[in-house]
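Please look over the sequence and the structure shown here before reading the short report on them.

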Amino acid sequence: LGAEAVKWESRKGKSVSLNAADLKTSSWNVFGKYGHLVLTTNEGRTHRFDGFTHNDKDGLKELLRARYSLELGEEPIASVGSNFGLPVFSGGAVRFVMPGQLDPDGRERLMFQLPLSTVSQCVLPGNARVKTEVEMQFNEEEAAQDDDQLVSVRFMFPTIPDDEDDEEEEEEE
């Protein structure tokens with residue numbers, strides 16, 4: 001966290017650099033044993049940095065306030081075991097939120113988020129009789145032999161009965 005920019009390099013050598021003037025919000029969440037710093041730019045792009053310990057939160061909070069005039073908000077992850085969510089497309093990512101459950105800032109609670117830059121394509125599975133599924137396929141990278149990698153995920157969108165069908169049923173009764 002430099003005075004002019006935030007720079008991050010992953011273990012695989014990928015780097016991210018964000019200008020300090022472009023930072024809009026910051027938030028913190030914990031999932032599993034690691035903390036995650038989430039920075040949002042003025043353009044609405046979200047950058048998630050992980051690998052922090054629980055003890056890093058206070059130091060990050062002070063640094064963000066002193067260097068960038070950002071308050072570190074809380075972004076708790078929804079983990080109620082539900083199998084449905086509402087997709088929200090924003091800032092180059094799709095966020096799946098839990099409708100009706102609000103975080104401390106009054107936003108719907110985040111279940112998970114997928115950066116759209118990692119998506120190679122979205123398709124309707126070929127064997128689906130009813131087109132209620134969408135498969136999101138991701139860019140495949142060279143991974144180490146012991147690394148796991150998400151290559152696709154399927155989402156099911158339930159159908160909503162037409163209003164005309166409801167009216168016909170009422171007339172028959």
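## The chain as a whole

This is a predicted model, and its protein chain contains 2 helices and 12 strands. Read from the N terminus on, the elements follow the order β-β-β-β-β-α-β-β-β-β-β-β-β-α.

Of the 173 residues in the protein chain, 27% count as buried, while the chain exposes about 12200 Å², with carbon and sulfur atoms supplying 47% of that area. When contacts between residues at least 6 apart in sequence are considered, 33% of them join residues at least 24 apart.

## The largest pocket

The largest pocket holds about 2000 Å³ of space and is lined by 40 residues, of which R48, D50, P115, T118 and E141 lie nearest its centre. This lining divides into 15 nonpolar, 14 polar and 11 charged residues, and the strands that each supply at least two of its residues include strand 1 (5-9), strand 5 (46-52) and strand 9 (108-115).

## The second largest pocket

The second largest pocket has a volume of about 360 Å³, and its lining consists of 9 nonpolar, 2 polar and 1 charged residues. Strand 12 gives the most to this lining, with 3 residues, and among the lining residues are F84, F96, M111, R154 and F157.

## A residue in strand 11

Q137 lies in strand 11, which spans residues 133-138, and its side chain is joined to that of Q121 by a polar contact of 2.5 Å. Leaving aside residues up to four places away in sequence, Q137 touches T118, V119, S120, Q121, V123, V151 and S152; of these, T118 is also one of the residues nearest the centre of the largest pocket.

Conventions: Residues are numbered from 1 along each chain as its sequence is written. This is a predicted model: local features need pLDDT of at least 70, side-chain atom pairs count only at pLDDT 80 or more; totals for chains, interfaces and linings use all residues. Side-chain values use heavy atoms; hydrogens and water are left out. Helices (H or I, at least four residues) and strands (E, at least two) are DSSP runs, numbered from the N terminus. A polar contact is a pair of N or O atoms within 3.5 Å; within protein, one must be able to donate a hydrogen and the other to accept it, and residues adjacent in sequence count only if both atoms are side-chain atoms. Contact means heavy atoms within 4.5 Å. Buried means under 20% relative accessible area, exposed over 50%, partly exposed in between (1.4 Å probe, protein chains only). Accessible areas come from the Shrake-Rupley method with a 1.4 Å probe; for residues, only the protein chains shown count as cover. On a 1 Å grid over the protein atoms alone, a cavity is a set of points where a 1.4 Å probe fits but cannot get out, and a pocket is an open set with protein on both sides within 12 Å along at least five of seven lines; lining residues have an atom within 4 Å of a point. Grid points are joined across faces, edges and corners, and a volume is the space filled by probe spheres set on the points. Ala, Val, Leu, Ile, Met, Phe, Trp, Tyr, Cys and Pro count as nonpolar, Asp, Glu, Lys and Arg as charged, and the others, Gly among them, as polar.
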